[in-house]
Amino acid sequence: MHNNDKLLEISKLVFELTMVGSTDNDLDVLLEQLFSVLQKLPTLQIQSKGAILMFSPRSKPVRVAQYGLKPFWATDEKHDELNGFAHPFNEQATLATISIHTPSYGQQQSSVQQVCILPLYANQQPLGQVLLFTAQDWVPSGNELEFLTDLSHALSSIISRFLLNATLRLREIELEDARTEAIRRLGTASEYRDNETGMHVMRMTNIAGAIAKAMGLSEDQREILLITAPMHDVGKIGIADAILLKPDRLTTDEFDIMKTHTEIGGRLLKGSDTLIATARDIALCHHENWDGSGYPKGISGEDIPVLARVCSIADVFDALMSNRPYKDAWALERTVAYIKTESGKKFDPAAVNAFDKALPEILRIRELYREDVIDPTEVVNLPELPVRETRWICWDESLSVGIAVIDEHHRYLFDLVNDLIDVVANKMGARELGRVLKALGQYAQIHFQAEERMMQQYNYPRLDIQVTQHQHFLTRMKEFNEELHQNPLIAQFEILVYLRDWLVAHIRDEDTQLSALVWQATTPYRG
Ligand SMILES: [Fe+2]
Ligand SMILES: [Fe+2]
Ligand SMILES: [Fe+2]
């Protein structure tokens with residue numbers, strides 16, 4: 001290869017790659033482009049296989065993109081050709097051999113593969129390496145090695161720009177989220193006044209989400225619903241304690257005052273953006289009835305905003321199913337029957353149908369967000385969930401703790417981790433990634449509290465160990481959130497591996513020992 005040709009090729013290559021970098025923040029696409037250009041240079045005996053590795057302060061290099069190889073989550077570790085690969089950082093393009101272990105018919109087969117390693121820098125610091133598989137006996141000329149080193153400089157600047165873009169995007173999203181977070185907190189704050197745990201708000205919100213889904217409302221609408229539903233009772237801030245916290249039934253006069261929480265909420269939520277406007281609709285109209293007999297305005301039918309109609313069923317269902325100072329919880333059958341007889345009267349018939357359809361999911365939500373002490377011997381009969389396609393961690397019966405509610409919580413945590421792998425594998429973007437991670441952190445906290453409450457109640461001897469491990473997990477999730485801002489490309493993969501390993505190990509080694517509580521609860525005291 002002549003010097004001039006080389007320069008020309010590099011400039012063409014960089015131009016082509018820059019075009020990719022500017023349209024699509026996807027390193028797999030970048031690699032694809034790289035290989036399509038390299039194939040036009042047959043003197044370089046590069047095969048159609050390669051990967052981008054990034055260095056991690058915490059672990060071995062993380063593979064963030066690949067070409068001609070399966071992503072690491074799609075193969076099990078034993079089948080992964082680059083499993084455990086680590087090669088010292090070198091400032092020049094270098095050749096190296098890696099040994100590949102492929103199990104076949106129960107036996108490990110080893111073979112040797114030659115790769116060309118290109119160094120990657122960001123701000124003069126080693127960032128990672130690009131691996132290109134080459135023909136086995138290829139010996140590049142000095143010129144060719146120089147070309148590859150130049151190529152690595154070009155790739156370094158493109159990939160560090162990718163990284164910068166991804167980080168900026170995260171910050172942007174965070175700023176937007178700060179606003180919804182403030183709104184969310186307002187909703188929860190109002191609920192803490194008359195409901196110790198705030199768990200009713202979470203159940204009601206998730207139940208409303210399940211009804212909205214069964215009704216076929218769009219994903220956008222459902223997302224807005226999940227943010228705004230917690231504020232449905234924000235107007236209770238303006239109701240005197242003597243009425244709000246009264247343990248007995250309210251008198252007619254008191255009830256009239258109580259009713260004004262809808263209008264107070266509506267006044268509090270002033271503003272024209274979609275989020276605030278929707279929150280206002282819900283706060284104002286969640287006690288309106290389909291037949292016009294509700295309050296505050298007595299509007300009817302489709303004049304009531306659809307999300308308010310959905311929230312109304314979720315709110316009533318969860319309130320009836322719960323103990324309140326002035327009433328005992330209703331049984332499920334009675335509650336469901338009541339909601340059905342109110343179809344077309346209090347409730348929108350379409351929303352009641354959706355409620356009926358979503359009932360299995362709604363019952364699961366009730367178990368997931370319990371605020372009482374879990375009884376280790378309690379039997380829960382929830383309908384089977386549909387089996388999902390992508391699975392990063394699989395539930396199997398050996399992980400059963402023998403306590404039905406806890407098992408249900410654990411299965412849900414597995415679901416959330418599998419949601420995360422869906423987001424990463426399908427490149428659904430930083431926003432989705434942040435959303436699922438937040439949901440996971442929040443739910444883990446709720447689950448740990450429920451578990452610890454039960455352990456405390458039954459004087460479980462390993463409570464301290466459990467609390468320490470739970471705490472450690474939550475701290476680690478916080479750290480990941482920060483690492484995500486340093487390098488989202490590697491953090492997302494490290495989170496996945498950590499979640500899988502921690503959850504499986506903690507459940508297998510610690511939580512399964514909770515089965516002692518079942519034994520303790522079913523064995524009569526013999527002292
Ligand atoms: Fe209300
Ligand atoms: Fe657990
Ligand atoms: Fe635990």
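What share of the contacts in the protein with a separation of 6 or more comes from residues 24 or more positions apart? The share is 66%.

**View 1. The whole protein in a predicted model.** The protein has 18 helices and five strands. Its C-alpha atoms fill a box of roughly 95 × 65 × 35 Å, taken along the principal axes. Of the 527 residues, 32% are buried.

**View 2. The protein is divided into three parts: domain 1 (3-166), domain 2 (199-370) and domain 3 (375-527).** Look at where domain 1 touches domain 3. Domain 1 gives 10 residues to this contact, and domain 3 gives 12. On the domain 1 side, strand S2 (62-67) and helix H3 (142-192) each supply two or more residues. By class, that side holds six nonpolar, two polar and two charged residues.

**View 3. Helix H14 (residues 404-425) packs against helix H15 (residues 430-457).** The angle between them is about 165°, and their axes lie 10 Å apart. Angles over 145 degrees count as roughly antiparallel, so H14 is roughly antiparallel to H15. The crossing of H14 past H15 is left-handed.

**View 4. Side by side, residues of H14 meet residues of H15.** From H14, the residues include Ile406, His409, Tyr412, Leu413 and Leu416. Also in H14 are Val417, Asp419, Leu420 and Val423. Among their partners in H15 are Glu432, Leu433, Val436, Leu437, Ala439 and Leu440. Further along H15 come Tyr443, Ala444, His447, Ala450 and Glu451. Sorted by class, the contact of H14 with H15 has 15 nonpolar, two polar and three charged residues.

How values were computed: Residues are numbered from 1 along each chain as its sequence is written. Chains are lettered from A and ligands numbered from 1 in the order in which they are written. This is a predicted model: local features need pLDDT of at least 70, side-chain atom pairs count only at pLDDT 80 or more; totals for chains, interfaces and linings use all residues. Helices (H or I, at least four residues) and strands (E, at least two) are DSSP runs, numbered from the N terminus. A residue is buried if 20 or more other C-beta atoms lie within 10 Å of its own, exposed if 12 or fewer, and partly exposed in between; C-beta atoms are placed from the backbone. Two residues are in contact if their C-beta atoms, placed from the backbone, lie within 7 Å. Domain bounds come from an automatic or database domain assignment. Ala, Val, Leu, Ile, Met, Phe, Trp, Tyr, Cys and Pro count as nonpolar, Asp, Glu, Lys and Arg as charged, and the others, Gly among them, as polar. Axes are lines fitted to C-alpha atoms, for helices over the stretch in contact, and angles run from 0 to 180 degrees between N-to-C directions. Angles under 35 degrees count as roughly parallel, over 145 as roughly antiparallel, 65 to 115 as roughly perpendicular and the rest as oblique. A crossing is left-handed if the near helix is turned anticlockwise from the far one by less than a right angle, and right-handed if clockwise.
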